[in-house]
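Please open the model in your viewer and keep the selection tool at hand. The stops below are meant to be taken in order.

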Amino acid sequence: MPIYSSYDSDEQPEAPKIRLFDRQKSIHDLLGGGQVADILLWRDKNLSAAILVGLTIVWFLVEVLEYHFITVMCYSLIFLMLAIFNWSKGAGFINRTPPDHHTFTLSNPTIQSFHSKINTLLSTFYHVSRGDDLALLGVAIAILWILSVIGDYFSSLSLLYIGFVFLETLPALYERYEELVDEIAGKGNRNVRKLYKKFDSKVLNKIPRGPVKERKFR
């Protein structure tokens with residue numbers, strides 16, 4: 001007669017799920033949870049695609065065709081104004097509702113979200129610059145130096161465009177393949193920790209250290 005364990009396989013507790021950067025919130029909440037997060041995660045595909053295509057056209061006109069940025073912006077605003085004018089005046093002929101002015105205004109939650117993110121960024125910059133965590137300060141300086149080197153080979157507009165493309169594609173791809181990315185990142189993190197333990201036991205622990213002197217307090 002076969003012997004079975006006291007717990008069925010379906011009743012065994014699952015291992016805790018490890019998320020990238022040990023985060024507790026969803027990627028949508030980390031991005032603000034508002035309309036900006038919906039755009040970056042392609043919840044509104046038409047709006048996200050329109051913004052990406054529009055910025056791509058602006059980048060192509062300025063960087064490739066070498067139009068001046070002010071010229072491109074002025075022509076874009078003229079085109080937008082004419083489109084709104086024709087839509088408003090011809091809405092009755094095409095049985096379409098004219099655009100509402102609220103469409104072109106930012107809601108209070110959106111403004112508050114931007115304000116909160118800017119304050120968080122400034123506060124993080126201040127605490128990193130204080131040097132409480134020297135390793136983090138060194139990493140921040142190294143990243144800024146790398147960006148300064150990259151800036152010698154790309155224009156500011158190209159860097160902003162590349163950054164926006166990454167910002168609008170990487171979060172969406174991560175949300176779609178979240179489990180796979182978290183699994184790969186978890187394995188990589190465990191492998192790095194194992195290598196560090198080996199390096200610590202075989203190299204760092206063998207470095208001779210001087211005697212620790214006790215501090216005398218008066």
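This is a predicted model: local features need pLDDT of at least 70, side-chain atom pairs count only at pLDDT 80 or more; totals for chains, interfaces and linings use all residues.

Residues are numbered from 1 along each chain as its sequence is written, and side-chain values use heavy atoms, with hydrogens and water left out.

Start with Trp-42, in the loop between α2 (35–40) and α3, where helices are DSSP runs of H or I with at least four residues, numbered from the N terminus. Although Trp-42 is not a glycine, its phi is positive, about 60 degrees. Its relative accessibility of 25% makes Trp-42 partly exposed, a class that lies between buried (under 20% relative accessible area) and exposed (over 50%), with a 1.4 Å probe and protein chains only.

Next select helix α3, residues 45–64, whose end C-alpha atoms are 27 Å apart, in agreement with the 28 Å that its 20 residues should span at 1.5 Å a residue; the expected span is 1.5 Å times one less than the number of residues.

Within α3, show the side chains of Ser-48, Leu-52, Val-58 and Val-62, which are buried. They lie on the same side of α3 because they cover an arc of only 130 degrees around the axis, taken from the directions from the helix axis to the C-beta atoms. Turn to the face away from this buried side, and you will find the exposed residues Lys-45 and Asn-46.

Finish at Glu-66, in the loop between α3 and α4 (69–94). Glu-66 is not a glycine, yet has a positive phi of about 60 degrees, and it is exposed, with a relative accessible area of 65%.

Definitions and conventions: Helices (H or I, at least four residues) and strands (E, at least two) are DSSP runs, numbered from the N terminus.
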